[in-house]
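This briefing takes up a few features of the structure shown below, grouped by topic.

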Amino acid sequence: MIRSLIGLFVGLAISLSIVAFAGENPFSVFMILIRSAFGSPYDLGLALFYTTSLIFTGLSVSLAFQAGLFNIGAEGQLTVAALAAAATGVLLPEVPSPWAPLLATTLGISAGALWGFIPGWLKSRRGSHEVIVTMMMNFIAAALASYVVLDLIKNPESQNPESKILGPGYLLKDYDFVQKFFVDSPANLSLILALALSVLIYFFLYKTIWGYELRASGQNEVASEMAGISSKRWKTLAMTIAGALAGFVCVNEILGSSGRYKIGFSPEYGFVGIAVALLARSHPLGVIASAFLFGALQKGASDLDIETATITKDFARIIQAILIFSVAGATLIDFSWIRQKCFFWKKKGVTDANFE
Amino acid sequence: MQILSEIFSFYFLLSLLRGATPLIFASMAGLFSERSGLVQIGLEGMMLMGALFAAAGALATHSPWMGFILGGGAGLIAAAIYGFFAIELKSDQVVTGTALNLLAIGFAPFVTKILYDSTGSTPGLDLSSRFSFEPILIALLVSGVIYYLYHRSQLGIVLQFCGEEPAAVETAGYSVRSWRWIFILVCGFLAGLGGASLSLFLASSYSPMMTAGRGFIALAALIFGKWKPLPTLMACLFFATIEAIQIRLQGVDTGIPVPWMQALPYVITIVALAGFFGRSQAPKALGKI
């Protein structure tokens with residue numbers, strides 16, 4: 001925990017000092033970042049909107065991490081999920097309100113789960129490296145999205161590459177009390193769903209036998225096989241659940257806010273989800289805080305684009321990357337040499353060798 | 001049959017070799033890293049850096065060769081960042097590689113904004129500061145040299161043992177740590193050249209995400225080629241063939257939607273990785289430090 005925080009601060013410091021190379025004042029950049037996330041209810045709402053999606057992808061990556069898998073396919077999983085939800089809403093516009101969002105969500109997360117199942121199954125049955133397979137699945141999902149949205153359900157009235165608008169019954173607006181707090185911002189009911197899901201995943205992982213088996217198969221495959229846990233089955237299942245979790249992004253993006261599928265709607269939630277999970281050290285409750293940090297950063301970076309001359313919104317990528325580097329590095333730095341140097345930490349008669 | 005003869009022409013062969021060039025560089029780069037025991041997910045990032053700085057170098061010097069070398073150097077620096085975290089701090093190699101990719105994606109627009117005031121691309125290169133065929137020959141030459149080094153030299157033995165049995169390397173009096181550093185820097189340089197051949201040869205400028213997953217396909221080619229130079233080269237040519245067919249078919253009216261065609265190389269990669277064409281065995285100490 002402390003090491004993650006050290007990594008976080010070192011990473012932020014390095015990122016901000018890079019800003020100086022572009023001729024901007026690091027301190028004023030930092031203030032813009034803060035102001036853009038908390039400046040007004042609208043700003044906060046937008047930051048929370050990003051946070052919601054990042055909780056979903058962060059949970060997805062975390063759960064896979066816990067099973068010893070690296071899911072960099074959350075981007076593809078959320079793409080197919082959003083695609084399925086949008087296609088349902090466009091092709092069946094007449095479905096009435098309470099059932100419509102449920103139907104779209106179910107189909108969406110099933111599509112996400114399928115996109116997670118394939119690499120999970122290939123990993124456990126055929127030994128294919130899940131990182132490469134999920135990456136390829138991301139590209140396939142992107143191709144699929146451009147085919148479905150631009151060839152099958154394109155909005156003929158719009159200049160932008162986007163789908164038709166979903167049937168009115170699909171939107172969450174009627175039930176949405178979250179939106180009332182953040183007027184005009186895309187923040188919506190999904191935030192509550194995301195928080196509830198984090199707690200649910202926490203209970204699943206740490207308070208149930210299934211969660212224990214999943215974590216065991218991630219930590220030591222051989223030992224868990226000895227104990228009668230089928231680690232192959234759990235690896236497949238973990239990727240499937242991870243895919244479903246990433247699929248929940250469709251509730252936030254399609255049903256909760258825009259009501260249509262826009263090509264390129266995701267500012268790479270899937271990849272930022274990796275940073276979120278890493279900073280949270282794959283703990284489902286930690287994901288909430290970590291997702292908020294990265295959500296605020298996402299919002300801040302888009303304001304930096306407008307308010308500074310040289311910094312573009314891609315600067316968020318740099319900060320994310322440096323944070324991943326520093327957190328991944330800091331959690332593994334061996335602090336023992338500091339202890340050896342500090343004379344007063346040593347007890348009498350304890351030699352260096354004993355300390356190792 | 002009409003379609004087949006239209007596809008397989010001399011120009012097709014040329015476009016196949018063009019497409020194979022960055023793949024060959026990148027998968028040979030991956031060979032050095034993975035054979036020495038370092039999982040290399042960051043090829044994509046090294047290639048992006050190589051592509052960016054090659055274009056910038058060629059723009060500044062009007063010489064493709066200077067750009068090419070600079071691209072290799074940029075890849076080398078990217079690899080040094082990876083090496084610092086993976087070898088010195090012993091952080092998770094897959095996570096570090098992913099961070100490197102993210103860093104490259106974010107860093108490129110940062111640089112183009114400062115240098116050219118554009119959001120992500122460099123200005124176009126004129127014909128005299130681009131390559132017409134040279135990288136193909138260099139790529140084939142490099143794989144030949146690597147084949148020789150891998151199978152016939154002491155260096156090849158050290159490389160293989162770093163990934164299979166690091167303890168044996170230490171026993172023989174070599175430092176695994178310094179050799180891994182050497183191999184990872186070679187890896188970065190080669191991946192940088194792969195990126196450089198993208199922006200100076202396949203295209204005429206740097207554009208965002210121009211690698212389009214080639215770093216990962218190169219990695220798949222490496223796995224498909226059982227982490228050995230010659231089969232890996234063949235695997236690269238195989239993937240390049242699929243890409244060339246895909247590009248060629250876009251010009252022919254087949255009735256298949258274009259996005260389906262574009263997804264084809266990725267689908268084939270997954271099928272190849274699933275071992276439906278034979279399994280391959282990873283270096284034993286891969287990912288373990």
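In this predicted model, A:F315 is in contact with A:S15, A:I18, A:V19, A:L304 and B:F110, once its neighbours within four places in sequence are left aside. A:F315 also belongs to the largest nonpolar core, where it is among the residues with the most contacts inside that core.

**Nonpolar core**

- The largest nonpolar core has 186 residues, and those with the most contacts inside it are A:Y261, A:F294, A:F315 and B:L190.
- Helix α6 of chain A, which covers residues 130-152, gives this core its largest share, namely 13 residues.

**Second largest pocket**

- The second largest pocket holds about 1200 Å³ of space, and its lining is made up of 40 residues, of which A:E75, A:G264, A:S266, A:P267 and A:E268 lie nearest its centre.
- Two or more lining residues come from each of α3 (41-66), α4, α6, α12 (249-258), α13 (269-279) and α14 (284-307) of chain A, together with α5 (93-116) of chain B.
- The largest share of that lining, six residues, is contributed by α6(A).
- Sorted by class, the lining of the second largest pocket comprises 21 nonpolar, 11 polar and eight charged residues.

**Helix α4 of chain A**

- Helix α4 of chain A spans residues 74-91, and its 18 residues reach 25 Å from the first C-alpha to the last, which is close to the 26 Å expected at 1.5 Å a residue.
- Of the 18 residues of α4(A), 16 are buried, so this helix is largely enclosed by the rest of the structure.

Note on methods: Residues are numbered from 1 along each chain as its sequence is written. Chains are lettered from A and ligands numbered from 1 in the order in which they are written. This is a predicted model: local features need pLDDT of at least 70, side-chain atom pairs count only at pLDDT 80 or more; totals for chains, interfaces and linings use all residues. Side-chain values use heavy atoms; hydrogens and water are left out. Helices (H or I, at least four residues) and strands (E, at least two) are DSSP runs, numbered from the N terminus. The expected span of a helix is 1.5 Å times one less than its number of residues. Buried means under 20% relative accessible area, exposed over 50%, partly exposed in between (1.4 Å probe, protein chains only). A nonpolar core is a set of buried Ala, Val, Leu, Ile, Met, Phe, Trp, Tyr and Cys residues joined through side-chain atoms within 4.5 Å. Contact means heavy atoms within 4.5 Å. On a 1 Å grid over the protein atoms alone, a cavity is a set of points where a 1.4 Å probe fits but cannot get out, and a pocket is an open set with protein on both sides within 12 Å along at least five of seven lines; lining residues have an atom within 4 Å of a point. Grid points are joined across faces, edges and corners, and a volume is the space filled by probe spheres set on the points. Ala, Val, Leu, Ile, Met, Phe, Trp, Tyr, Cys and Pro count as nonpolar, Asp, Glu, Lys and Arg as charged, and the others, Gly among them, as polar.
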